[in-house]
Every structure is written in C-alpha cells, then in structure tokens.
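Student: Please take one part of this structure and look at it closely. I would then like to see how the rest of the chain is arranged, in one connected account.

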Amino acid sequence: MLTLIRQRPVLKWLLIVLAAGILLVGLTIQFEYTLIPEAKELLAGSDEKQGLELGRLLFATRGCNGCHQFRDIAGTAIGPDLTDIAARADHADVRHSILNPEAEISEHCRSGPCPIGLMPGYAGILDDRQIEALVMLLMHTPAD
C-alpha cells in the first residue's frame, strides 16, 4: 500500500483529504451534539419555564427522541409514546423509569412489550438537575 501511495501522489492527497473530512465530521458531531447542548444547559436557570426548556433540550439531544415521541419534539416510535405519560404515571414512577428502565417493562412499545435492554438507564449519565428537568417536561400538562 505504501508503495502505491509513493507511486501515485494523487492517491496520497486523496487519502489526506478523506482523513481531514472524516476528522471534520467527527468534530462537527462532537460540537453540535455535545458542546452546544451542554452550553445551553449551563445557561438554563431554575424556574419552571427554564426547567421545561432544559427538559426539551435534553429530550432532543440526549437520545430520548431516538426511541420516543413526545408532543411536538421530533422522535421515533420504537419505544412508548410519552405524550400522555402524565396520565399513566406519577413523578416518582417517571423518574424511576428514566434511572432504571428495566425495573418495569412497558407494554407500549410498537411491537408489544419493550425488549429488555432497549433503553439505557440514565443514572450516572444525567445529573439530578437534568433528570428533574426531563421529569418536569414529561409531567407538564400544557393549558389548552
């Protein structure tokens, strides 16, 4: 392979450009999906409106919408639709499900009961403030 690269300088430059492109994509993903949400979280305050905004941000950027739908936040229907979770569960149950989803397996996945291991537990991934913001969002019933 090295001999081929030495014989064809165009191939060398093509590989350099390809590697730079992969690095740029990786840095963009790191920035867009990690650094920007974390910066917004730091700016979020503690009142209810800001807590709900932080919950929306977390739902959209920490993987929740990869499996769940919730009102107008774009998501998929692999796991249960959480739009009406406040009617099915209380604050403590929702918090417990985020931290330890294996404790009770939902019957509301697309194909019936959710498979074990489908949802990761967020204990140690999200801090208490983030968990509370998610629970606040999920339990919030907007005025019609």
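Tutor: In helix H6, the buried residues are Gln-130, Ile-131, Ala-133, Leu-134, Val-135, Leu-137 and Leu-138. These positions are read from a predicted model. H6 runs over residues 128–139, and at 1.5 Å a residue its 12 residues should span 16 Å, which agrees with the 16 Å between its end C-alpha atoms. At the start of the helix, a side-chain oxygen of Asp-127 comes to within 3.1 Å of the backbone nitrogen of Arg-129.

Side chains of opposite charge can pair when their charged atoms come close. Asp-128 and Arg-95 meet through their side chains in a salt bridge, with 3.2 Å from N to O. This pair links distant parts of the chain, since Asp-128 belongs to helix H6 and Arg-95 to helix H5, 33 residues apart. Asp-128 counts as exposed, because its relative accessibility is 54%, whereas Arg-95, with a relative accessible area of 22%, is partly exposed. Arg-95 and Asp-128 are also joined with Glu-132 in a network of salt bridges.

A further residue of helix H5, which covers residues 91–99, is His-96. The C-alpha atoms of His-96 and Val-135 are separated by 9.8 Å, although the two residues are 39 residues apart along the chain, and Val-135 is one of the buried residues of H6. His-96 itself counts as partly exposed, at 41% relative accessibility. Once its neighbours within four places in sequence are left aside, His-96 is in contact with Pro-101 and Ala-103.

Within H3, Gly-51, Leu-52, Leu-54, Gly-55, Leu-57, Leu-58 and Phe-59 are buried. After the helix comes Gly-63, whose phi is positive, near 100°.

A search of the whole structure finds 1 aromatic pair. It is formed by Phe-59 and Phe-70, whose ring centres are 5.8 Å apart and whose planes stand at 45°, so the pair is tilted. Phe-59 lies in helix H3 and Phe-70 in the loop between H3 and helix H4 (85–88), so the pair ties together parts that are 11 residues apart in sequence. Phe-59 is buried, with a relative accessible area of 1%, and Phe-70 counts as buried at 1% relative accessibility.

The loop between H3 and H4 also holds His-68, which counts as buried at 11% relative accessibility. The side chain of His-68 reaches the backbone oxygen of Pro-80 at 2.7 Å. Not counting residues up to four places away in sequence, His-68 touches several others, including Phe-59, Leu-82 and Met-119. Arg-71, placed in this loop as well, has a positive phi of about 45° although it is not a glycine, and its relative accessible area of 33% makes Arg-71 partly exposed.

Asp-72 forms a salt bridge with Arg-56, the closest N and O atoms being 3.1 Å apart. Here too the pair links distant parts of the chain, with Asp-72 in the loop between H3 and H4 and Arg-56 in helix H3, 16 residues apart. Asp-72 is exposed, with a relative accessible area of 59%, whereas Arg-56 is partly exposed at 34%. Arg-88 and Asp-84 form another salt bridge, at 2.8 Å from N to O, in which Arg-88 counts as partly exposed at 36% relative accessibility and Asp-84 as partly exposed at 41%. In the structure as a whole, a search finds 4 salt bridges.

These details belong to a protein with 6 helices and 0 strands. Of its 144 residues, 25% count as buried. Among the contacts in the protein with a separation of 6 or more, residues 24 or more positions apart account for 49%. The accessible surface comes to about 9700 Å², and 63% of it belongs to carbon and sulfur atoms.

How values were computed: Residues numbered from 1 in each chain as written. Predicted model: local features only at pLDDT ≥ 70, side-chain atom pairs only at ≥ 80, totals over all residues. Heavy atoms only, no water. Buried < 20%, exposed > 50% of the residue type's maximum accessible area, 1.4 Å probe, protein only. Helix = DSSP H or I, 4+ residues; strand = E, 2+ residues; numbered from the N terminus. Contact = heavy atoms within 4.5 Å. Phe/Tyr/Trp six-rings, centres within 6.5 Å; stacked < 30°, edge-to-face > 60°. Expected span 1.5 Å × (residues − 1). Polar contact = N/O pair within 3.5 Å; in protein donor to acceptor, adjacent residues only side chain to side chain. Areas by Shrake-Rupley, 256 points an atom, 1.4 Å probe, with all protein chains shown as cover.
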